[in-house]
Amino acid sequence: MAASLAAGTLAHARQDALDPALAAASEADREALARIEARVLADYEAGRFAEADAGLVEILPIEIRVYGEDHPIVAATHASRGAVAEAVGDNVAAEAHRRRDLAIRERLDDEEALAESRRALGANLVAQQKHDEALPLLTQAHAVLAPSAPPSDEQIVSAAFNLARALYAGGEPEQALDVLTPSAQALNDPSHDTSAWAALVAFDHGFLLRELGRAEEAAPAFGRACDLWRAHGGISATPGEACLSQAEILKDLGRDAEAEPRLAYALDAPDLTTARRSHAAEHLITTRTLLHGEDAVDEPLLRRALELSIAAWGDHTATAYAANRLGLVLRDRLFLQEESLGEFRRAQAIYMGEQGPAGQGSIAATANVIFTLNALGRYDEALAEGDALLTIAAPGENGTDSERRSWRPFNLSRADALKGLGRYGEARALLIARLAELEGEGADAAQMADVHTRIAQVASLQRDWPAMADHRRRVMEHRRALGDPHAFGMAMALYGQVLSQIGEDQAAYEILTEALRILEGAEETTAQDRLYVLTYLGYAAVELGRLEEGERHLEAVIAAYRLDGEGQGSLANALRYLASLRTEQNRFDDAEALYLEALALTEGANDEEAASFAYGALGELWRFMGRHDEAETALRRVVDFTTQQYGADSIENAVPLRNLAVHLGSTGRQERALDLLLQVLALEQAVLAPDAAALLRTRVLIGRVLADLGRYGDAEVMFTEILALALPALGETNVVTQEAASQLGFVMALQGRYDDAIPHLQSAADMTERSFGPDSRQMINALQLLSYALYMERRFDETIVIMTRAVQLVDLEGARWPKTVVDVRSNLGRTYLEAGRPEEALPPLREAAALAARISRERATAISTQAEISRAPFRALVDAAWEVAEAR
């Protein structure tokens, strides 16, 4: 525009010497023309457009008086007024001025000037979206101007640019591209970077290339427009749109790394609409996730995406999606559960309004609401939320496969709510149904592993250890199939931990050993993973009698945790296991110190549940040590905690109540012990199957108490029922089955029915040997009970064979249970005497007497009950049996 005005002023100057009309004009007109032209040019260049237009209005009648109406100077002034009007955005007024200019040019004989007027009016009409009117004008102008100058010339570029826009609007994108390409190529050079046209032409060139499917060529064109506008600005600059357009193409081409910085700029670009910035946010999130992983997408970006979506789309599914995504990060990464719940509620409300309650988005959002309510411990609300939706929208019997698949995430969260409310049977049934669906669909191993994990967790709460072990085994198998050594190793470790819990010590040891080997070869394995496995491997080694190995593992774990200062809960766990080992070694003071350290850690961390475990272990230890008052206080504290934490009717009370019952029974309060065990049985019967191992173990304890109370008939019925359930459900290798058989035989023996007792006791010994091996410490109890019945039947030769074997086994464990060594030798000597073989009786009796004297001298305390701590924990019934024999 400034150049046009300058050219007009120079034309007046030339007319001083050449134009007779100007020469004939009065001095006043010539002076006015010069003065006003100079002022108009200065006002325009300074951006004072109203003043410039006023000057042009003032000069026009003078020019008409001097030159006449059909003169190039008058036409130029009309054109200048059009340029001023365009500068202030008044294209309608500008059009009128441009048309006056064109009308004059059409009456003059100057083809190039006419082409320029057509170009200017055409550009004005394009700006007003009047493409049909602009097209013939621009076509004529371009045909005249293009051959007269290089394609980078401003007039040529303007003509090509606007003609291309008119052609595209008319449905001719190929012709538009042909017209614009020469100027785009000419301007694609650093020497033109500061040109006002370079970015505009590059942007339109990219746009046309993209529209015609030439995306790879379009990307650099948009990129040049983006860079030029960001560096130099300019009229009609849209750097954000250029950057976003290039980024979208780059993403489609798989060049996400190049797209990322463009998207980051576009997110805050002021020229973009809110909707386009919302698109930029979504693209940036997906790009960063692809390039750097989900953790690279931070909370501020997700919040920004949600804000833009709300502003651009309101309550639309795009907003629901953004809210749901933010909620997941708030919940799972930042652990802001309450805030995440608000976002899930937002998504839920939008989806419900858009899709109705049965829509996939509605169900997924509701599942997240329920999941978060579960995480907050608000199980009643979670279940009510799910039940309400279930009533309204669950697919019926005739629902499609698609409808049923969309419902399943909700079912998993609903199962979690049921589990949180202690409704374990319903939760497990729902999960088992889900498992059957996945198996029918041929689901991948990851999905199967997830559901098996959930079932294992419920089975744990039901104290159904065999089921828990079975599902942990299946998790391990599915993790193996996925080919991830770290995930497989950790699944194997969890399986080994469960095997240890159910007494499958040899299998646990082998599994944990293999898990450690696999994890040590996996890159993702952390020090914490290794310590976790070593903890349970140490425990399994101890249970197998590999005390030195177990001690080595546990001491290494404890030293590592103490050095690291992290994992205080895991340290407390390892301390408890080592304390258990110290108890086995008769190092009770050391065991007590370890338990107390574990207790301090858990109480310091305000972990009441872990603290209750420590109190429970201390209670058991103090019971062994004869400190019955302290033991009872600790055990009752655990009962109080679980009752307050989970409610009086929760199965969580079963183990604490069972431990307290055992303590009461060991201190002569069998009636109270029986009451508590019956209470435990009722809790377990509410959630466990009749043949569940935990429930049968409780019944074994009830049977033992009944026998202690002299109710042998009731005890025999109890053990007979247990054995009938345990053999088919748990098998011979389960300790519950073995104990039921041994206790049944023992209670028969107590009634003097030795012929009936011996087959059961022999069966128990055989099952124990097959499970644990002929040299296992578990054989001691089985052999002692069998030998007692044989002794009472006066089958002394058989008794001597069995007792000799028992002596050999207790010698292996002598450092742990010296009093048991005394008992077994005494019983062997007594049997030799009854068999009439006094010379053979003398060595074991002398050994027993010498060892008993040493134990008496080294006794830790003077109370009579202290002697019992030197016996194996399972020795109580055996000792009682032989005391009957002594009385006889």
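In this predicted model, R753 and E716 form a salt bridge, with their closest N and O atoms 2.6 Å apart. R753 sits in the loop between α37 (735–750) and α38 (754–772) while E716 belongs to helix α36 (residues 712–730), so the pair ties together parts that are 37 residues apart in sequence. In general, side chains of opposite charge can pair when their charged atoms come close.

**More on salt bridges**

- How exposed are the two partners? R753 is partly exposed, with a relative accessible area of 28%, whereas E716 counts as buried because its relative accessibility is 14%, under the 20% cut-off.
- R770 and E732 also meet through their side chains in a salt bridge, at 2.6 Å from N to O. This pair links distant parts of the chain, with R770 in helix α38 and E732 in the loop between α36 and α37, 38 residues apart.
- R770 counts as exposed at 56% relative accessibility, and E732 is partly exposed at 37%.
- Another salt bridge joins the side chains of E426 and R423, at 2.7 Å from N to O. Both are partly exposed: E426 has a relative accessible area of 40%, and R423 has one of 34%.
- Some salt bridges are linked into a network, and E551, E555, R582, R587 and D590 take part in one.
- How many salt bridges does the structure hold? The total is 64.

- Helix α18 covers residues 337–355, which is 19 residues. At 1.5 Å a residue, this helix should span 27 Å, and its end C-alpha atoms are 26 Å apart, which agrees.
- Which residues of α18 are buried? They are Q337, S340, L341, E343, F344, A347, Q348, I350 and Y351.
- A helix rule is handy when reading that list: an α-helix has 3.6 residues a turn, so residues three or four places apart point the same way.
- After α18 comes G356, which has a positive phi near 85°.
- F335 lies in the loop between α17 (317–332) and α18. Its phi is near 60°, a positive value in a residue other than glycine.
- F335 is exposed because its relative accessible area is 60%, over the 50% cut-off.

**Another positive phi**

- R794 is not a glycine, yet it has a positive phi of about 65°.
- You can find R794 in the loop between α39 (778–792) and α40 (796–812), where R794 counts as partly exposed at 47% relative accessibility.

**A buried serine**

- Look for S309 in helix α16 (residues 299–313).
- Is S309 buried or exposed? S309 counts as buried, because its relative accessibility is 1%.
- S309 and H279 are 30 residues apart in sequence, and their C-alpha atoms are 8.7 Å apart in space.

**A patch of negative charge**

- On the surface, D109, D110, E111 and E112 gather in a patch of negative charge.
- Within this patch, D110 has its place in the loop between α6 (91–106) and α7 (111–127).
- D110 counts as partly exposed, at 38% relative accessibility.

Methods
Residues numbered from 1 in each chain as written. Predicted model: local features only at pLDDT ≥ 70, side-chain atom pairs only at ≥ 80, totals over all residues. Heavy atoms only, no water. Patch = residues over 30% accessible without salt bridge, like charges linked within 9 Å, V, L, I, M, F, W, Y side chains within 5 Å. Areas by Shrake-Rupley, 256 points an atom, 1.4 Å probe, with all protein chains shown as cover. Salt bridge = Lys/Arg side-chain N within 4 Å of Asp/Glu carboxyl O. Lys, Arg positive; Asp, Glu negative; His and termini not counted. Charge placed at Lys NZ, Arg CZ, Asp CG, Glu CD. Helix = DSSP H or I, 4+ residues; strand = E, 2+ residues; numbered from the N terminus. Buried < 20%, exposed > 50% of the residue type's maximum accessible area, 1.4 Å probe, protein only. Expected span 1.5 Å × (residues − 1).
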